[in-house]
Structures are given as structure tokens and as C-alpha cells.
Amino acid sequence: MEIAQGVTTTYATIGLVGGIIIGILLINIASRKGYTTYIKDSKSMSKAMVTGIEKDEILQASAGKETTNSSSIDSLSLHFSIIMMVSGLDYFTVFMLKKYKVLLLSSIPEWAYAILIMYAVWGLMIKLKLDWVVDVKTKSK
């Protein structure tokens, strides 16, 4: 089993690094041949696109809206706390399943439980009419 984990980790790393390198290479080739929509050539790109920093306040996009009053509860902290609560419930669920050696369920990865728990939390928030607290733009960031 240890050898299999080493092999899978090695191949996953090779795939990830190879995908990044090949992807960058293909994007550069496609942009030079004019196949891309956003990038025609490196000279036509704006300074903000090259550096990743938009200095002009008018062109800066909004990251989201504050759904709470910052003097009481910071909106970003609320979003972060919901994520951390789900993560905590996830790890607790996996810990309990492994502690009591629940067959098959204890071998499912944590992220799968996190997704299921997040759907349950979101469903509960909708049922309690608290879904307005979560801002879509903030959540996507």
C-alpha cells in the first residue's frame, strides 16, 4: 500500500506539473497564431492584465457586497466562519466514522463529506430564510 501511494503521488505530481507546462505552452502558441479571444499578443495587453493590479479605481471590480453591518459582524468573517464551521463538522464526522470503524463510510475522503455537509447547511439556511446573508460574489472569491 505504501508503494502504491508513492506511485500515485508521483504520477499526480507529474500530471499536474506537465499539465501546467503544456497548458502554458499551448496558450502561448495559440495567442501567437491569433486563436485566443482575450490575448491577441503581449503588446496589446493592458498593464493591469500583465501585472495583475488595477490602479484605476473606476475600472476596479467589486468583490462583493457586505450583507452585514461591519460594526457588528464583518461580512467576510461571516462567510469565512461558515466555511470553517462546515470544515469542522466534516473533520468531526470523519473522526467519528473512523473511531467507530463504520464499514465503507470511514474510507470516503473528507472532501466528499464536506460537500454533503455544505449542501445540508445551505439547505438549512434556505429553509430558515438566511440565504440572503451569503453574497454570491464574496462566496466565489
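Mentor: Start with L105, which is in the loop between α3 and α4. Helices here are DSSP runs of H or I with at least four residues, strands are runs of E with at least two, and both are numbered from the N terminus.

Trainee: Is L105 buried, exposed or partly exposed?

Mentor: L105 has a relative accessible area of 40%, so it is partly exposed. The classes are buried under 20% relative accessible area, exposed over 50% and partly exposed in between, with a 1.4 Å probe and protein chains only.

Trainee: What is L105 in contact with, beyond its neighbours in sequence?

Mentor: L97 and Y113, once neighbours within four places in sequence are set aside. Contact means heavy atoms within 4.5 Å. V94 is 11 residues from L105 along the chain, and their C-alpha atoms are separated by 8.5 Å.

Trainee: Before I go on, what kind of model is this, and how are things counted?

Mentor: It is a predicted model, where local features need pLDDT of at least 70, side-chain atom pairs count only at pLDDT 80 or more, and totals for chains, interfaces and linings use all residues. Residues are numbered from 1 along each chain as its sequence is written, and side-chain values use heavy atoms, with hydrogens and water left out.

Trainee: What's the mean pLDDT?

Mentor: The mean for the protein is 89, and 99% of its residues reach 70 or more. pLDDT is the predictor's confidence in each residue, on a scale from 0 to 100.

Trainee: Which residue with a positive phi follows α3?

Mentor: K101, with phi near 50 degrees.

Trainee: And just after α4?

Mentor: There K129 takes a positive phi of about 60 degrees. K129 is in the loop between α4 and α5 and counts as exposed at 62% relative accessibility. L128 is in the loop between α4 and α5 too, and is exposed at 52%. L128 and T138 are 10 residues apart in sequence and 21 Å apart C-alpha to C-alpha.

Trainee: Now the helices. How far apart are the end C-alpha atoms of α3?

Mentor: They are 36 Å apart, which agrees with the 36 Å that its 25 residues (75-99) should span at 1.5 Å a residue. The expected span is 1.5 Å times one less than the number of residues. For α4, with 18 residues, the reach from first C-alpha to last is 26 Å, close to the expected 26 Å.

Trainee: Which residues of α3 are buried?

Mentor: S75, L78, H79, I82, V86, D90, V94 and L97. In an α-helix there are 3.6 residues a turn, so residues three or four places apart point the same way.

Trainee: What covers them?

Mentor: The cover includes α4 (110-127) and α5 (136-140).

Trainee: Which residues form the largest nonpolar core?

Mentor: L78, I82, V86, I117, V121, M125, V133 and V134, 8 residues in total. α3 and α4 each supply at least two residues of this core. A nonpolar core is a set of buried Ala, Val, Leu, Ile, Met, Phe, Trp, Tyr and Cys residues joined through side-chain atoms within 4.5 Å.

Trainee: What does M125 touch?

Mentor: I82, L130, D131 and V134, not counting residues up to four places away in sequence.

Trainee: Different topic. What sits over the ring of W122?

Mentor: The charged end of K139, 5.3 Å from the ring centre. That label needs NZ of Lys or CZ of Arg within 6 Å of the ring centre and within 35 degrees of the ring normal.
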